[in-house]
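Open your viewer and get ready to select residues by number. This tour goes stop by stop.

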Amino acid sequence: MQVIKYMFQPHGDDRGQLVALEEFKDIPFKIKRVYYMYDTTEGVVRGHHAHKSLEQILICIHGSCKIRLDNGSEKKVVPLEKPYEGLYVANDMWREMFDFSSDAVLMVLASELYDESDYIRDYDEFLEYVNSKSEE
Ligand code: T46
């Protein structure tokens with residue numbers, strides 16, 4: 001499984017750092033939605049789903065967390081610890097977010113508007129879905 005992590009360019013000067021993200025330049029898709037999570041409960045694991053078509057970039061803009069990616073045959077854990085790094089999460093990828101530091105803010109740039117019908121929330125259904133696609 002290929003993990004795609006972007007290192008964004010901080011524009012730093014003696015006032016501090018600034019990261020700018022533009023669609024199709026820094027981000028490989030049109031950004032239709034931004035959301036973020038914070039105040040995560042200690043020990044919580046979020047996600048537990050895949051998307052049929054949504055692509056996203058996850059950026060832990062404060063604190064740290066870990067992302068478990070699972071394409072149905074391989075799993076990888078990717079730490080997010082810097083506000084200038086972004087993890088690309090493709091469609092057809094089971095994801096779990098965990099090990100949030102108490103100050104973590106996980107921001108997500110998404111290629112589509114929120115659509116519950118794009119979610120696969122059952123793991124067995126996810127395995128069936130990716131296996132049937134690989135047979136096509
Ligand atoms: C994903 C991971 C990384 C909305 O109303 N609009 C939205 O755009 C989103 C993302 C969520 N919601 C509502 C739906 C639920 O009532 O917010 C609540 C929490 O959403 P969810 O349980 O899906 O959150 P996570 O953290 O498990 O997953 C989220 C995204 O849903 C998902 O697409 O890839 O973050």
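Strands here are DSSP runs of E, at least two residues long, numbered from the N terminus. The model on screen is predicted.

**Stop 1: a loop.** Select Tyr84. Tyrosine 84 sits in the loop between β6 and β7. Is Tyr84 buried, exposed or partly exposed? Its relative accessibility is 31%, so it counts as partly exposed. Together with Tyr84, they form a nonpolar surface patch with about 270 Å² of accessible area.

**Stop 2: strand β7.** Select residues 85–89. Five of the five residues of β7 are buried, so the strand is largely enclosed by the rest of the structure. Look along β7: Glu85, Leu87 and Val89 point one way, while Gly86 and Tyr88 point the other way. In a regular strand, side chains alternate between the two faces of the sheet.

**Stop 3: the partners of β7.** Show β1, residues 4–7; four bridges join β1 to β7, and the two run antiparallel. Methionine 7 has glutamate 85 as its bridge partner in β7. Next, show β4, which also runs antiparallel to β7 and is joined to it by three bridges. Here leucine 58 pairs with leucine 87.

Stop 4: Leu58 is one of the residues with the most contacts inside the largest nonpolar core, which has 17 residues. β4, β5, β6, β7 and β9 each supply at least two residues of this core. Which strand gives the most? β5 does, with three residues. Finally, select Phe8, Ile57, Tyr88 and Leu109: they belong to another core, of nine residues, that lies apart from the largest one.

How values were computed
Residues are numbered from 1 along each chain as its sequence is written. This is a predicted model: local features need pLDDT of at least 70, side-chain atom pairs count only at pLDDT 80 or more; totals for chains, interfaces and linings use all residues. Side-chain values use heavy atoms; hydrogens and water are left out. A nonpolar core is a set of buried Ala, Val, Leu, Ile, Met, Phe, Trp, Tyr and Cys residues joined through side-chain atoms within 4.5 Å. Buried means under 20% relative accessible area, exposed over 50%, partly exposed in between (1.4 Å probe, protein chains only). Patches are made of residues with over 30% relative accessible area and no salt bridge: like charges are joined within 9 Å, nonpolar side chains (Val, Leu, Ile, Met, Phe, Trp, Tyr) within 5 Å. Accessible areas come from the Shrake-Rupley method with a 1.4 Å probe; for residues, only the protein chains shown count as cover. A salt bridge is a side-chain nitrogen of Lys or Arg within 4 Å of a carboxyl oxygen of Asp or Glu. Two strands pair if DSSP finds at least two bridges between them.
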